[in-house]
Amino acid sequence: MTWVIPNALENHDLASTAWYMPTRLSPYPPSRPELEDDEDEEGMMATVAYLTSLMDDLVKQGIPEQRIVLGGFSQGHAMSLLTGLVSKYAGKLGGLVGLSGYLPLPDRIPVLRQEAGLPKDVQDEVEVFLARGTGDRLVPKRYHRLCHERLAELGVKDERLVLKEYDGMGHVMSGAELRDLCEWLERVVPA
């Protein structure tokens with residue numbers, strides 16, 4: 001087994017590490033959506049290219065695509081889902097994992113898929129594990145629900161999607177969450 005755990009690159013605009021320039025995630029739908037900040041599509045797509053290059057390296061080492069699981073926490077959640085849906089590895093991976101995050105660029109995904117030469121809708125058997133804590137104040141619950149709904153609209157089958165919520169857990173990871181993730185990995189990664 002090999003683990004590749006990349007860190008986000010230094011973002012000089014933010015004076016910290018970040019996969020992309022974050023936007024504020026409000027617990028309530030915006031009353032004036034036209035005034036909301038745009039998501040950092042350029043930064044996100046640069047991250048998709050970077051994560052794709054890491055998977056290219058794994059495949060060159062002889063690791064079958066269906067044994068690769070792409071996952072992350074917070075912004076890593078967002079980038080794992082986006083990469084798993086719009087990169088050349090879409091539909092070929094063992095699974096996608098999202099912990100305490102959201103689905104970025106939800107309305108652009110069909111276009112990004114078509115630009116990548118993929119069908120507009122997900123037509124594969126991708127396995128997805130999504131988890132969050134009920135006490136997460138950084139990524140409100142509505143983003144977990146919106147992520148689930150958008151994945152279903154894109155064609156991710158309900159029987160391929162595991163949704164977990166952990167009572168009282170904030171924007172962190174927990175032992176119970178990792179236990180559930182490990183059980184899921186044992187089920188979806190081929191022997």
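Colleague: How many bridges join strand 4 to strand 5 (residues 128-133)?

Modeller: This is a predicted model, where local features need pLDDT of at least 70, side-chain atom pairs count only at pLDDT 80 or more, and totals for chains, interfaces and linings use all residues. Residues are numbered from 1 along each chain as its sequence is written, and side-chain values use heavy atoms, leaving out hydrogens and water. Strands (E, at least two residues) and helices (H or I, at least four) are DSSP runs numbered from the N terminus, and two strands pair if DSSP finds at least two bridges between them. Strands 4 and 5 run parallel, with L96 opposite V128, and the number of bridges is four.

Colleague: At what angle do helix 1 (residues 41-60) and helix 2 (residues 75-86) pack?

Modeller: Their axes, lines fitted to C-alpha atoms over the stretch in contact, are 9 Å apart. The two helices are roughly perpendicular (65 to 115 degrees), because the angle is about 75°.

Colleague: Which residues of helix 2 meet helix 1?

Modeller: Contact means heavy atoms within 4.5 Å. From helix 1 come M44, M45, T47, V48, L51, T52 and M55. On helix 2 they meet M79, L82, T83 and V86.

Conventions. Axes are lines fitted to C-alpha atoms, for helices over the stretch in contact, and angles run from 0 to 180 degrees between N-to-C directions. Angles under 35 degrees count as roughly parallel, over 145 as roughly antiparallel, 65 to 115 as roughly perpendicular and the rest as oblique.
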